Amino acid sequence: MGYVIDPAPQASVAVAGSEDRFPVRRIYCVGRNYAAHAREMGKDPDREPPFFFAKPANAVVDDNETVAYPPQTENFHYEAELIVALASGGVNIPEDEAESHIWGYAVGNDLTRRDIQLKARDQGRPWDMGKGFDRSAVIGPLHPVSEVGHPSKGSIKLTVNGEVKQDADLEELIWSVPEIISYLSGLVELKAGDVIMTGTPAGVGAMVPGDVCVVSIDGLGQITTTIGPKA
Ligand code: MN
């Protein structure tokens, strides 16, 4: 059997200290997973069940790349996030088994067309065009669990042109990584290659062409993204 057109290349992200890469199957994202960010988005941070959206696997962008300012937005935002990559999956994964499915962790930046997202939200429409556009998922090199364990506390920080915009701690996550995996696996079957963006702390804001955005997480290093001219 052949394909009637050439299949798209396998999307992948870098692995720290390796030439090999991690193949990405799906990218799931958690909404409003830090209380102070939920409040800044005008929502009640009470512990309602986590909710999810997705980005296409081929939206991934490596560390140290330039991302063109995307079309159809006047409010292009950064969101610092802890990234989780799965080596295996399942359905209805118990919380106490969730960590056994994790391959590694990375620093990420959930790029967002906030004006499109908020208009869709307020109209009860899908978020896809606000969140799942081309080159919207910056994911740095993955660090294997064998080297970094399971980070559950430590600084998560974002700067734009050297100015601190987000400065929080992973222990402020409303839903922990095992809780996220357990809950998400009750909605969809998780599989090897799935990547989860775990939500952003308070302090989100806009970038313009020429900005340099750096995200760092204790133990996972930092990633740099330069915003290029409008696409
Ligand atoms: Mn996000």
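**Entry 1**

I take buried to mean under 20% relative accessible area, exposed over 50%, and partly exposed in between, with a 1.4 Å probe and protein chains only. The model is a predicted one, in which local features need pLDDT of at least 70 and side-chain atom pairs count only at pLDDT 80 or more, while totals for chains, interfaces and linings use all residues. Residues are numbered from 1 along each chain as its sequence is written, and side-chain values use heavy atoms, with hydrogens and water left out.

For Glu-79 I noted a relative accessibility of 4%. The side chains of Glu-79 and Arg-114 form a salt bridge at 2.7 Å, N to O. Glu-79 sits in the loop between β7 and β8 and Arg-114 in helix α3 (residues 114-122), so this pair ties together parts 35 residues apart in sequence. A salt bridge here is a side-chain nitrogen of Lys or Arg within 4 Å of a carboxyl oxygen of Asp or Glu. Helices (H or I, at least four residues) and strands (E, at least two) are DSSP runs, numbered from the N terminus. I also found a network of salt bridges that links Lys-55, Glu-79, Asp-110, Arg-114 and Lys-131.

**Entry 1**

Asp-110 is buried, at 1% relative accessibility.

**Entry 2: Other salt bridges**

I counted 10 salt bridges in the structure. One of them joins the side chains of Asp-62 and Arg-21 at 3.1 Å, N to O. Asp-62 is in the loop between β5 (60-61) and β6 (65-69) and Arg-21 in strand β2 (residues 21-23), so parts 41 residues apart in sequence are tied together. Another joins Lys-230 and Glu-74 at 3.8 Å, N to O. Lys-230 lies in strand β18 and Glu-74 in the loop between β6 and β7, so that pair ties together parts 156 residues apart in sequence. Lys-230 is exposed at 51%, and Glu-74 is exposed at 64%.

**Entry 3: Cysteines**

I searched the whole structure for disulfides (cysteine sulfur pairs within 2.5 Å) and found zero. Cys-29 is in no disulfide, and the nearest cysteine sulfur, in Cys-213, is 16 Å away. Cys-29 is buried at 0% relative accessibility, and Cys-213 is buried at 1%.

Ile-156 stands opposite Ile-217 of β17. Ile-217 also has a bridge partner in β18, Gly-221. Six bridges join β17 to the antiparallel strand β18 (residues 221-230). β17 and β18 form a hairpin with three residues between them, and Gly-219 in the turn has a positive phi of about 85°.

Methods:
Pairing = 2+ DSSP bridges.
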